[in-house]
Amino acid sequence: MEDLKKRKMEEMGNNDQLSTQEELRSLLDPLAKSQLVDLLSRLGSQYPSIAEEIKSIASSDPVHRKLFVRGLAWNTTSETLCAAFRMHGEIEEGAVIYDKATGKSRGYGFITYKHMESAHSALRAPSKLIDGRMAVCNLACEGLTGASTTPDLAQRKLYIGGLSPDVTSEMLLNYFGRHGEIEEGSVAYDKDTNESRGFGFVTYKTTEAAKKAIDDPQKILGGRTIIVKLADTHKGKPVQTQVPAAAVVPLAMPMAPGYPQLGKAHPSAAPAGYAYPQPVAPYQASSSSSPAAAPTPYPSQSTIAYASIAAKKDPQGIPPTTPMGMSGYPYYIGKQ
């Protein structure tokens, strides 16, 4: 009997718990996300067991623990990347992404912490100097839509031109760090030769610091006068866009009447001025003037008669020659 009573009591308790959970779900379902966050945060601060449950559930998804790190130097390896982020907590995985074809770094990588609190700690200081370059991190699920795409980014990011080849990223950051806290910045290097390209970029955390850097009258770094201006104005150059061939619509050029166009039938009516053979209008005499008289022919001349001469036939054979005398004079033979 006692065992039967215990079983009934347990079943009633379980039914009460189920009914209580269903009632709580029905009460929590219409609440907004902000209200639920406030409620759980208060409960977690009052009851450590609830706080541990919240941490375990949040850390189970790697999306909340994985960071995207951009702005890495070309010589940064996975080991140096993990060493820079290990100060915030235990790292589960970390790697620099390399190009498959060239085998060189693509300038970014990923860090996955074991606990979500470590990722949040790293995000409180997103800028880190790694191998002489200022790298920036944000949650990988945000991609490039993190801190780098804030509305005032155009007023905080500066283009630095005219740099000496000897100026490194660390020298650049130290020089511009006097105007304010820097979020991101480095010298632009060539991927193949790893040499400076003579310019770089610096992104401040505030627009006031960027304005101070632009208004600074003395802009000399590495023995050269450098150019400092907003990066957005440097990019604002006209770019000629190529119109795709599919967007080009052929237009028929107008041609003078009388010439047939390709793909069109010749008009039935004969075009004026181009019909062949062209009709010639008859000559119309003017009524005011008489027609011009024909020119007077030359006067005819009388025929002159000449006496007929009988033609002599030459004897056949060699014609007789006149005997020649001395010195080419002919002989004169008297008549006998």
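Biologist: Where is Gly162 found?
Modeller: This is a predicted model, where local features need pLDDT of at least 70, side-chain atom pairs count only at pLDDT 80 or more, and totals for chains, interfaces and linings use all residues. Residues are numbered from 1 along each chain as its sequence is written, and side-chain values use heavy atoms, with hydrogens and water left out. Helices (H or I, at least four residues) and strands (E, at least two) are DSSP runs, numbered from the N terminus. On that basis, Gly162 lies in the loop between β6 and α7.

Biologist: Is Gly162 buried or partly exposed?
Modeller: Buried means under 20% relative accessible area, exposed over 50%, and partly exposed in between (1.4 Å probe, protein chains only). The relative accessible area of Gly162 is 33%, so Gly162 is partly exposed.

Biologist: Which residues is Gly162 in contact with, leaving aside its neighbours within four places in sequence?
Modeller: Contact means heavy atoms within 4.5 Å. Arg224 is 62 residues apart from Gly162 along the chain, yet their C-alpha atoms are separated by 7.4 Å. With neighbours within four places left aside, the contacts of Gly162 are Gly198, Arg224, Thr225 and Ile226.

Biologist: Why do the buried residues of α4 line one face of the helix?
Modeller: Helix α4 (residues 78-85) has Ser78, Leu81, Cys82, Ala84 and Phe85 as its buried residues. An α-helix has 3.6 residues a turn, so residues three or four places apart point the same way. The arc is that of the directions from the helix axis to the C-beta atoms. Seen down the axis of α4, the buried residues line one face because they fall within an arc of 160 degrees.

Biologist: Which elements do these buried residues of α4 pack against?
Modeller: Take Ser78, which is in α4. At 17% relative accessibility, Ser78 counts as buried, and with neighbours within four places left aside, it is in contact with Gly94, Ala95, Val96 and Tyr98. The buried residues of α4 pack against β1 (66-70), β2 (91-98), β3 (105-113), α5 (116-124), β4 (127-130) and β5 (133-139).

Biologist: How many disulfides are there?
Modeller: Cys82 is buried, at 10% relative accessibility, and Cys137 is buried too, at 4%. A disulfide is a pair of cysteine sulfur atoms within 2.5 Å. By this rule the count is zero.

Biologist: What kind of aromatic pair do Phe68 and Tyr108 form?
Modeller: Rings of Phe, Tyr and Trp (its six-membered ring) pair if their centres lie within 6.5 Å; planes under 30 degrees apart count as stacked, over 60 as edge-to-face and the rest as tilted. The rule gives seven aromatic pairs. Phe68 and Tyr108 are 5.6 Å centre to centre with 50 degrees between the planes, so the pair is tilted.

Biologist: How many residues apart are Phe68 and Tyr108?
Modeller: The pair links distant parts of the chain. Phe68 is in strand β1 and Tyr108 in strand β3, and the separation is 40 residues.

Biologist: Which residue's charged end sits over the ring of Phe201?
Modeller: A charge sits over a ring if NZ of Lys or CZ of Arg is within 6 Å of the ring centre and within 35 degrees of the ring normal. Here the charged end is 5.2 Å from the centre of the Phe201 ring, and the residue is Lys157.
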